[in-house]
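Subject: Handing over a structure, with notes

Dear colleague,

I am passing this structure on to you, and my notes follow it below. Please read them with the model open beside you.

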Protein chains: 4
Amino acid sequence: MRILGICGSLRRASYNRGLLVAAQGLAPAGTTIEIGELKDIPLFDQDVEAIGDPAPVASLKERIRQADAVLIATPEYDWGVPGVLKNALDWVSRPAGQSALKQKPLAIMGASDGPWGTTRAQLQLRQSLTYMDVLTLPSPWVYVALAKDKFDASGALTDERTREQVKGLVAALVAWMERVTPRA
Amino acid sequence: MRILGICGSLRRASYNRGLLVAAQGLAPAGTTIEIGELKDIPLFDQDVEAIGDPAPVASLKERIRQADAVLIATPEYDWGVPGVLKNALDWVSRPAGQSALKQKPLAIMGASDGPWGTTRAQLQLRQSLTYMDVLTLPSPWVYVALAKDKFDASGALTDERTREQVKGLVAALVAWMERVTPRA
Amino acid sequence: MRILGICGSLRRASYNRGLLVAAQGLAPAGTTIEIGELKDIPLFDQDVEAIGDPAPVASLKERIRQADAVLIATPEYDWGVPGVLKNALDWVSRPAGQSALKQKPLAIMGASDGPWGTTRAQLQLRQSLTYMDVLTLPSPWVYVALAKDKFDASGALTDERTREQVKGLVAALVAWMERVTPRA
Amino acid sequence: MRILGICGSLRRASYNRGLLVAAQGLAPAGTTIEIGELKDIPLFDQDVEAIGDPAPVASLKERIRQADAVLIATPEYDWGVPGVLKNALDWVSRPAGQSALKQKPLAIMGASDGPWGTTRAQLQLRQSLTYMDVLTLPSPWVYVALAKDKFDASGALTDERTREQVKGLVAALVAWMERVTPRA
């Protein structure tokens, strides 16, 4: 099983990238997690889209299509989904009704320095994913608050309870994928 | 009174730009509306921010600071705020607690081709603006559904009822600004 | 397959009850839809709950447990879920983590007299259902705007396009139930 | 200045009632806070409304009209506004466009036992209040998480930092009322 990880933050030492790296190490045998990149995705512009998807967009769509499932790790900016992540999804959602994410099993986690654990960003994200007809895992939830205390200086997730949560989420995503994949 | 208009879409013939252009013509005497640009705003990256705001970001912040009020016109992408607009706000919201939009009177309108009139994007937008302590006008609301029928081929807003709504919104924003500006 | 219908409005001639009645007639062979009642559910009060669920609450929970899936039809009040419906869900969600709705396949539809089709109520509803770990069908969506034009004087759903949508939603819910039910 | 406090929970020893009682003691000189009751408000039913507002509803509407401002304290149920509170607001919002809350200065606070501080309930509440054209104070925010640690056995708010926050919110509401009240 191949999972594509997507990080909602561009910061090199991003906590959310740290969550994805932790997930790589905590995935069950037979499951691999690759991490996609959003830094080269241009701002969405329908005039550009009309000419053709820019290469980084086409590449992201293709990697999503190749993946069996997607795992998003996102910070919360201004009580919402980061523009960086939403902008990538705006490209991926197109053409309308034919998103690369359509019917794709997907799970969400998030980390932030504040006390509220990205709950609001994750809810907005679920909303846009429902529009794209994504099979978003309802639970469990991974809300990492006060992130500074849970990662070491190198950006590695060290908090044991959070590591267990990430491990549980990846396992639940694998089980969810098996459950919702149409029976042969 | 100077209002800064911000358009959530980059498309040249954007309906939302059309709403802002209509607002310029419908503003009361003594009120001018300039339209800001988001197309050069880079993706938000805290590592870049740590070095200093890129010029288009610094310019946008400055134009917001110079304005007496802000008028946002936004499409709805994937049941949410366009990433392009949210990304600009992510820059503008910083440093935390000191957004250029803090305590700024602001109104929202939106147009989309679909039947639901950007209601969901506007609600998400209000949510992020509350975080920034913006003085968002509670009502009236301008939800322009089925936009294709309301603009002409040149992108001009021709629907009379919508024109009245835009005029009413700008007038309400001017009154709101006078009301919430601290008394000397 | 047995589906429990829940109507978010208490009005006798409720459009949303009309949607559920229509769904009864449009369900595929072998599927029955019963309609639950919320009118006797008292206001949620933890002091009352501590003594024991009132009979109408216990009955609603039991009917949900007996059902293979749930179909909610809801109006939108004040851009949100009707208090009547949310109050019932507040009882049903308890004890925390053991809701009668947990892991239950569920679909949502909604009708209102206004132009925006209950989109906002449905989104808030999805949010609370995710908390309860419900398996909410991502799509299709049934948003019935300007309901007065779509029902006859007796409250029967007469609009052909909406009837097709309701039929499609029930069929999708049946397929969803078969898909997410754990394989023997 | 007279503020009407409204508590979103019916529990006798409700933390949110505790917040309102604390607010009474922390209000500036010249400001009084009364606490309204929701326990006798029946479930909203348009057929009942057509006959006339039940007495507890009429009374609540009148108390809101008499107040200079409103202060809501709410728990979060199922990631949303409690049905009890939303049901009361559904009555108060009517007739459409003529809510007793229209143009009323209002502030929100909330307490819950969980770690996320009612952030999601408060956002949903803001959404419905915007529909009613309420003048909701944008900030500061009072999110009381892990409430059990912040109240004593009698239900009194003892946490000093939270007491400061409540005091600050009431002071901000008074200033907001003076600011948005139309100038004579």
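How many residues does the contact take from chain A and from chain B? The contact takes 27 residues from chain A and 27 residues from chain B, where two residues are in contact if their C-beta atoms, placed from the backbone, lie within 7 Å.

Before going further, please keep in mind that this is a predicted model, in which local features need pLDDT of at least 70 and side-chain atom pairs count only at pLDDT 80 or more, while totals for chains, interfaces and linings use all residues. Residues are numbered from 1 along each chain as its sequence is written, and chains are lettered from A and ligands numbered from 1 in the order in which they are written.

On the side of chain A that touches chain B, α2 (46–51), α4 (83–92) and α5 (119–131) of chain A each supply at least two residues, and α4(A) gives the most, with 6 residues. Helices (H or I, at least four residues) and strands (E, at least two) are DSSP runs, numbered from the N terminus. By class, this side of chain A has 11 nonpolar, 8 polar and 8 charged residues, with Ala, Val, Leu, Ile, Met, Phe, Trp, Tyr, Cys and Pro counted as nonpolar, Asp, Glu, Lys and Arg as charged, and the others, Gly among them, as polar.

As for chain A itself, it has 6 helices and 6 strands, which follow the pattern β-α-β-α-α-β-α-β-α-β-β-α along the sequence. Its radius of gyration is 16 Å, which agrees with the value near 16 Å that a compact globule of 184 residues would have; the radius is taken over C-alpha atoms, and the globule rule is 2.2 Å times the number of residues to the power 0.38. Of the 184 residues of chain A, 55% count as buried, meaning that 20 or more other C-beta atoms lie within 10 Å of a residue's own, whereas 12 or fewer make a residue exposed and a count in between makes it partly exposed, with C-beta atoms placed from the backbone.

Chain C also meets chain A, with 11 residues of chain C in contact with 12 residues of chain A. On the side of chain C that touches chain A, the largest share, 4 residues, comes from α5(C). A rotation of 180 degrees with 0.0 Å of shift along its axis superposes chain C on chain A, with an RMSD of 0.0 Å, and that is the relation of a two-fold axis. The superposition is by least squares on the C-alpha atoms of residues with pLDDT of at least 70 in both copies. Of the residues of chain C, Val180(C) comes closest to the rotation axis, at 2.9 Å for its C-alpha.

In chain D, 5 of the 6 residues of strand β1 (residues 2–7) are buried, so this strand is largely enclosed by the rest of the structure. β1(D) pairs in the parallel sense with strand β2 (residues 32–35) of chain D over 4 bridges, where two strands pair if DSSP finds at least two bridges between them. Within this pairing, Thr32(D) in β2(D) is the bridge partner of Arg2(D). β1(D) also runs parallel to strand β3 (residues 69–73) of chain D, to which 5 bridges join it, and Leu4(D) stands opposite Val70(D) in β3(D).

With best wishes
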